[in-house]
Amino acid sequence: MFNISNLEISNSAVLAPMAGITDHPFRQICKSFGAGLVYTEFVSADGIIRENKKTLDMIKFDESERPIGVQIFGDDPEVVAGSAVYINKHFKPDIIDINYGCPVPKVTKRGAGSAALKDLCIMQDITEAVVESVFPTPVTVKMRTGWNADNVVSTKAGMLLESIGVKAIALHGRTTSQKFTGCADWTYIKELKEAVNIPVIGNGDVSSFEDYKKIKEFTNCDAVMIGRAALGNPWIFSNILNSNDKKPNIDEIKKVCLKHIELLIENKSEKVSLNLSKKHLSYYLKNFDQAGLFRKDVMRCDDIKQVIKIISSI
Ligand SMILES: Cc1cc2nc3c(=O)[nH]c(=O)nc-3n(C[C@H](O)[C@H](O)[C@H](O)COP(=O)(O)O)c2cc1C
């Protein structure tokens, strides 16, 4: 268990925000396997202010997903704070999270996402504006270690963020220029944990209970955020809760695939459900006998009912 401000979080396995992945169905699945805290994918502050329907749809969640954080990104303090106020009023999440980690050029070239790591004054202005405008809702930040290896700023930024009133920091142990290459450097997570008094959520390359144990021991972080390893593998959360690395059997995989498809159909149009089913099934259908054949069959489907039939036949 750990706390973010007054919010009690039942365990320290956190689902990472992932664009195009951590939508309402996937969050529900991870929650049902025990994720202590989940985040939405990042949503554009501009899109929220303009009340763009697609952007607002990304935020919708239901009570079973609590505690939940909504992650926002933007480059203008007034707009980002305005979007946070809007989200707070209309959705009432448990946490507002600011993204200072996205390395995608479309985002950083406008000064948003991890571009703020190049200029801590911008990070300070945006964060202050958000913290003030949504008080007492806790504001958390997710960031990378720095723009590049010569400019690692995570500890300095973390101390600044704590002084502004940020209630927890998730740190992905890579720089922006690394994107997803190399290994996450957990040393910076350890350094940040030693420097601040707010919870630190360690992130990067945790793909099993064994890794979870290692990162906790090495960094002393308060919680661990899991991204890619949860794709097609929500069992990682129950494994962490049960302190093992048990692999699901085929029946369990099949059951979760069907549940995931059902949630997609309930929440999305038929076309989107089909596309997202294919995306998620490409991760679920791995590491068992003939998984590749089932995966190929699913990819050829042009109707969600065909997908269900294939999965049911496993
Ligand atoms: C497909 C994908 C989408 C992502 N989208 C976001 C996002 O919207 N916001 C964010 O802060 N990080 C995002 N990330 C980064 C993850 O949250 C996480 O920091 C990163 O994957 C490292 O953790 P991992 O090694 O457990 O995957 C994304 C990562 C992936 C793979």
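This is a predicted model: local features need pLDDT of at least 70, side-chain atom pairs count only at pLDDT 80 or more; totals for chains, interfaces and linings use all residues.
In soluble globular proteins, nonpolar side chains tend to be buried together. Here, the largest nonpolar core contains 87 residues, and Val130, Met143 and Phe237 have the most contacts inside it. Both domain 1 (2-242) and domain 2 (250-312) give residues to this core, so it lies between them. Apart from this core lies another one of 14 residues, including Leu7, Ile9, Ala16 and Ile201.

Leaving aside residues up to four places away in sequence, Phe237 touches Ala13, Val14, Leu15, Cys30, Phe33, Gly34, Ala35, Ile226 and Ala230. Phe237 is also one of the buried residues of helix H10, together with Trp235, Ile236, Ser238, Asn239 and Ile240. Because six of the eight residues of H10 (residues 235-242) are buried, this helix is largely enclosed by the rest of the structure.

Gly165 follows H7 and has a positive phi, near 115°.

Val298 gives a view of another helix, H13 (residues 291-299). With a relative accessibility of 0%, Val298 counts as buried, because the cut-off for that label is under 20%. Not counting residues up to four places away in sequence, Val298 touches Lys278, Leu281, Leu285, Val307, Ile310 and Ile311. Between Val298 and Glu210 there are 88 residues of separation in sequence and 32 Å in space, taken from C-alpha to C-alpha.

Next comes the ligand. Of the 16 residues around it, Ala19, Gln71, Asn203, Asp205 and Arg228 come nearest. Asn203 has a side-chain N or O atom 2.6 Å from an oxygen atom of the ligand. For Lys142, a side-chain N or O atom is 2.8 Å from a ligand oxygen atom. Pro17 takes part through its backbone, where an N or O atom lies 2.8 Å from an oxygen atom of the ligand. On its own the ligand has 610 Å² of accessible area, and the protein covers 86% of this.

Most residues other than glycine have a negative phi, and most peptide bonds are trans. The peptide bond from Arg66 to Pro67, however, is cis, with omega near -5°; Pro67 sits in the loop between helix H3 (53-59) and strand S6 (68-73). Another cis peptide bond runs from Phe135 to Pro136, with omega near 10°, and Pro136 is in the loop between H6 and S8. Lys179, in the loop between S9 and H8, has a positive phi near 50°. At 46% relative accessibility, Lys179 is partly exposed. Gln290, in the loop between H12 and H13, has a positive phi near 65° and is partly exposed, with a relative accessible area of 47%.

Conventions:
Residues are numbered from 1 along each chain as its sequence is written. Side-chain values use heavy atoms; hydrogens and water are left out. A nonpolar core is a set of buried Ala, Val, Leu, Ile, Met, Phe, Trp, Tyr and Cys residues joined through side-chain atoms within 4.5 Å. Buried means under 20% relative accessible area, exposed over 50%, partly exposed in between (1.4 Å probe, protein chains only). Domain bounds come from an automatic or database domain assignment. Contact means heavy atoms within 4.5 Å. Helices (H or I, at least four residues) and strands (E, at least two) are DSSP runs, numbered from the N terminus. A residue is near a molecule or strand if one of its heavy atoms lies within 4 Å of it. A polar contact is a pair of N or O atoms within 3.5 Å; within protein, one must be able to donate a hydrogen and the other to accept it, and residues adjacent in sequence count only if both atoms are side-chain atoms. Accessible areas come from the Shrake-Rupley method with a 1.4 Å probe; for residues, only the protein chains shown count as cover.
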